Amino acid sequence: MSIHRGHRQIPAGNYLKSSAELLVSKATAYSLWFDDWWDYRNLTGGARSKGINWFGYFTPDQKTDPVCKAITDQGRRILDALRFSNRVRRRKDSGVFEVCGPALRVILHWMFMNDIRLFSEFTPDQVSWFVEDVVNEQKEEFVRNLSASDNEDPVQEAQGISTSVLNNYLTVLVDVYNLGSEFTDFPELVMPMHPLRGASPNEIATEFGVVTNGWIPPVPDEVLHPLLEAANRWMDTYSDDILYAQDVYFAALKGVEETNRPDMQRSVAKSLTEIIFNGRGDLSKPWRSPLGQAANSPGSIVELRELHGDLRNASTSALQAGTGIRVSELAGIKVDGRDENGWPSCLEVRQSTSGLYDLYFLKGRVFKGSSDPEGTPAEWLLGVKPLGANSIPFTVKAILVLDALFRPWRERFGSNALIVSLGVSRAFPTSIPANYEIRSDNIRHGQNRFLEKHVQLPESYRAWRLSTHQLRKSFAQDIVRIDGTLIPAVRDHFKHTSDFVVESAYLGTDPRLLGLVNDVATREAARMIVGVLYEGQPLAGKMAEQIKSRKKHFTEVCAGARTLEGRINLLAIALNLDEVRFFTSEHADCFFRAHLAACHRDFLGKFDPNAKRPLNAYRTPENCGDCPNGVKSKIHLPYWNERLREYKEIEAANREANEHRIAAFAAVRVRQAIRVIRQLEEAAA
């Protein structure tokens, strides 16, 4: 079965089989165990099918070296164990192949170059040398390659070291250590000691890596405004002519295919030369010359293909700028039928609760963070219009244009994707391409071509390179500038789990935006207190005790309101006077008070009385777990349960290896996790 036509049976874990058994075992649905490449198909929208090139970092001579082969064989077993073993955190296959795999290849190559033949020879001192080497070797490359990217951490696409990339390397090494009990029959894979001496990968990565949060800039207004102006002109005015020309193309193509004429291309091309590009009569004069008439014309079919691509690029730019959806979410939109109004099934219209507005929703799938490789169903609000108004939001227009532009191609290819790839030829494909799934880099390159060809930019911005994630960041910043209380709404629209992600990844360091963040943080503090007082929400931590002790005071502040939102409003006003704010994270939330903030004390060696918010880099479980500002609720319980499990294993393994210092270090963290879990259980009782 073709890789493009369906799914094969995914093999079970083979990492404990003998070498003889592995000779006839599959590593993935498409590769044998000892293949140089392990092919893997990523089902995320717009993603390329990737794999692991086991010898990619080795020269041809090194590849034939028995030591190189032995090290690589160890890597194969480890990667397979990372997919299937319960001794390490379970990841999606995309995470194993696209994060752990590249990290493991770097480690294997470093081992070979430093004469470390077995993972059992890997000591904490050698791990320190590894960290030093990768930091020094890649720092300059990192600076050169840190450019426009679609990832929220751009260094995932750059060949440089950052906190996240270094964390990936070190996490794999810790995972290899934790897999030791699985590999009792393969002693070469059993690491003798915890590679980081009990520290977490994030701690080491934060110390040595380059922090890159916020490095992706938003699209400047000087670029975004003319881009949207041009995109809307193409969708509103030029699209009618281009879609009509496409209809003429298919009508002519059908005619020559039925008659089997040998001059098919010439006959179809001639039918396009008579089209007048005047907005189907709405313009006083044509906006471009007829196809194929210019002296240097590559031909009418090639010109129409270029117009087709330009209209696609205009529509995707407008859609992402107006919704902030990820490029994977854009590429993953499906059309599985038509509604009664003839619109594609991915587009839905509902009336507002008041009945005064039409609400337009885009239905698709979210891939990031989803346990399902085919994504989790989701929807995004595209826009709103008053009931009975003739106009529609430009984001809705973008969907309708893309639907009409690719509908005949979907039918021809047998696809249900909103956008399909028409291949690499300059002309339209005359047969079904080998791979017609649209790729995220194809969308990104197309948007940059449209920017370069059709958008007039100020001289100082002519060299601007667009990335689809810049459009996402611009959307978030524009919404929050309009109304600073909408950070939670942006979070929900972007399908993030916390306001902290929106603040750190999208709002940057703009003082005005940070002020709006503070306003939202104050309101979230009020919301949390009202939840405790009036809804019985369980909390743990010293700050939770203080909230309960001041119940009478808070109740008096809220006495003038009858509704939940009214109480939140009154309490937010009171808290703002005291500059009390609330910041979220996965391990503990923070009712920030400068004179008690452990994160600032860890950084400065003392409390900072002028601080206004926690220090993100020092908001660690160690600091927040026992900080007086820390507040834990039931949403944090999964994190602390996992932390307890992890450090119990580290403690037990090091006691068995007589590494008492590391075991004692792990025991401290075990006790902290137990303490936090007990507090949460008592608060809920």
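Trainee: At what angle do H4 and H6 pack?

Mentor: Helix H4 (residues 93-113) and helix H6 (residues 163-178) pack at about 80°, and their axes lie 9 Å apart; axes here are lines fitted to C-alpha atoms, for helices over the stretch in contact, with angles running from 0 to 180 degrees between N-to-C directions. H4 is therefore roughly perpendicular to H6, given that 65 to 115 degrees counts as roughly perpendicular, under 35 as roughly parallel, over 145 as roughly antiparallel and the rest as oblique. Helices are DSSP runs of H or I with at least four residues, strands are runs of E with at least two, and both are numbered from the N terminus. This is a predicted model, in which local features need pLDDT of at least 70 and side-chain atom pairs count only at pLDDT 80 or more, while totals for chains, interfaces and linings use all residues. Residues are numbered from 1 along each chain as its sequence is written, and side-chain values use heavy atoms, with hydrogens and water left out.

Trainee: Which residues of H4 and H6 meet?

Mentor: From H4 come Val 99, Cys 100, Ala 103, Leu 104, Val 106 and Ile 107, and they meet Asn 168, Tyr 169, Val 172 and Leu 173 of H6, where contact means heavy atoms within 4.5 Å. This contact has 9 nonpolar residues, 1 polar and no charged, with Ala, Val, Leu, Ile, Met, Phe, Trp, Tyr, Cys and Pro counted as nonpolar, Asp, Glu, Lys and Arg as charged, and the others, Gly among them, as polar.

Trainee: And how do H3 and H4 cross?

Mentor: The axes of helix H3 (residues 66-84) and H4 cross at roughly 155° and come within 10 Å, which means that H3 is roughly antiparallel to H4. The contact of H3 with H4 has 13 nonpolar, 3 polar and 2 charged residues. Among the residues of H3 that take part are Ile 71, Gly 75 and Arg 83, while those of H4 include Asp 93, Cys 100 and Leu 104. Cys 100 and Leu 104 also belong to the contact of H4 with H6.

Trainee: Changing topic, how big is the second largest pocket, and what lines it?

Mentor: Its volume is about 650 Å³, and of the 26 residues that line it, Arg 305, Arg 312, Gly 423, Asn 442 and Arg 449 are the closest to its centre. On a 1 Å grid over the protein atoms alone, a pocket is an open set of points with protein on both sides within 12 Å along at least five of seven lines, a cavity is a set where a 1.4 Å probe fits but cannot get out, and lining residues have an atom within 4 Å of a point. Grid points are joined across faces, edges and corners, and a volume is the space filled by probe spheres set on the points. The lining divides into 6 nonpolar, 9 polar and 11 charged residues, and its largest share, 8 residues, comes from H10.

Trainee: How do H10 and H13 cross?

Mentor: Their axes cross at roughly 105° and come within 8 Å, so H10 and H13 are roughly perpendicular to each other. Arg 312 in H10, and Asn 442 and Arg 449 in H13, are among the residues of their contact.

Trainee: How many cavities does the structure hold?

Mentor: There are 3 cavities of 30 Å³ or more, and the largest cavity holds about 100 Å³ of space. Of its 14 lining residues, Cys 590, Cys 599, Pro 614, Cys 624 and Cys 627 are the closest to its centre.
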